Amino acid sequence: MERMKVIRCASMKKTLIVMLAAACLAACSKPSPGMQMIETTAEALGGKERIQQINTLTLEGEGEAPNLGQNLTTGSELPVWKAAPYRRSIDVAASRMRVRQTRTAQFLFAGATTQQLDQGVDGDVGYNMPQGQGGMPSRTSESVARTRRVELFHHPISLIRLALTPGTKIDNLRTFNNFEAVDVTTPQGDVLTFEVDRATRTPLRVRSMSYNDNLGDVAIETAFAEYETVDGLKMPRRLITKIDKYPQFDFRISKNTVDGENPVELSAPAEVGGLVLGPAGRRWVWSSGGRRAPSRSCRRTRNAAAGGR
């Protein structure tokens, strides 16, 4: 009889240990409240798996960019550049972005009233492509590269993709009357505040901090509107960005495209420290004589002297 009691007691202890372990495992594997917000928003936009599958987004349309600080008086309207066409290409998998636009001054301007701009960022490398033939790409300052790197996450799909990436920190969930907000911190330490409609789980806006030569520390906020469904993903057709209380860019998107570009085309040029991948992941670098395949020991260089600051 005593032997049976001992066996039953040992069995109960084992069962209790298993139950406690299962409870601890469940508690540890449960997403944080902030991550739960990200995941429910991902489902509303087309699903977490679908967002994690995509490589590139291409946004095409036109917009208006007020020239901050160039109005004649504090009460007068800001002079405006019209950007048409405007194309923003985002490599959501590798944190790269390239913006190509033709902008025309809608005001009296001493310089060229029509300008072709081709600018990008590849990780921590910002670059400007030359206008016309014969020029060389130039590398931007670190602060400009950082601003562009953060800007590429001012889109709900790229921001959700970032939030689902290991190494990204999600915290500080707040609940308001009609929306929720959470802070998304990139592996580089950049912080973006993401706001989502509580009822529909539709992303409303994203906000990040930056520095402006005229205003000092400023908040850059992009609001999302006029959603449509493209290839199973809900994406906005309008991005309205402001710097503090001032309008910065009103982008009306006529065409959203998913995976319509080769991610390699969004790499920084070799002249400013870029390295692209050829077929089957083979590494290529670019030189004045065209492309060549380097040795296996070739690594991306960050040669700031190549393009200056």
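Here are a few notes on the aromatic rings in this predicted model.

1. Ground rules first. The model is predicted, so local features need pLDDT of at least 70 and side-chain atom pairs count only at pLDDT 80 or more, while totals for chains, interfaces and linings use all residues. Residues are numbered from 1 along each chain as its sequence is written, and side-chain values use heavy atoms, with hydrogens and water left out.

2. The structure holds seven aromatic pairs (rings of Phe, Tyr and Trp, the last by its six-membered ring, with centres within 6.5 Å; planes under 30 degrees apart are stacked, over 60 edge-to-face, the rest tilted). One of them is Y86 with F249, a tilted pair at 4.9 Å centre to centre and 45 degrees between the planes. Y86 sits in strand β2 (residues 80-91) and F249 in strand β13 (residues 246-258), so this pair ties together parts 163 residues apart in sequence (strands are DSSP runs of E, at least two residues, numbered from the N terminus).

3. Y86 is buried at 5% relative accessible area, and F249 is buried too, at 12% (buried means under 20%, exposed over 50%, partly exposed in between, with a 1.4 Å probe and protein chains only). F249 also pairs with F251: their ring centres are 5.7 Å apart and the planes are at 25 degrees, so this one is stacked. F251 is buried as well.

4. Elsewhere, ring pairs join W81, F107 and F109 into a cluster.

5. Two charges sit over rings (NZ of Lys or CZ of Arg within 6 Å of the ring centre and within 35 degrees of the ring normal). R205 lies over the face of F179, 5.7 Å from the ring centre, and the charged end of K234 is over Y227, 5.8 Å from its ring centre.

Definitions and conventions. Helices (H or I, at least four residues) and strands (E, at least two) are DSSP runs, numbered from the N terminus.
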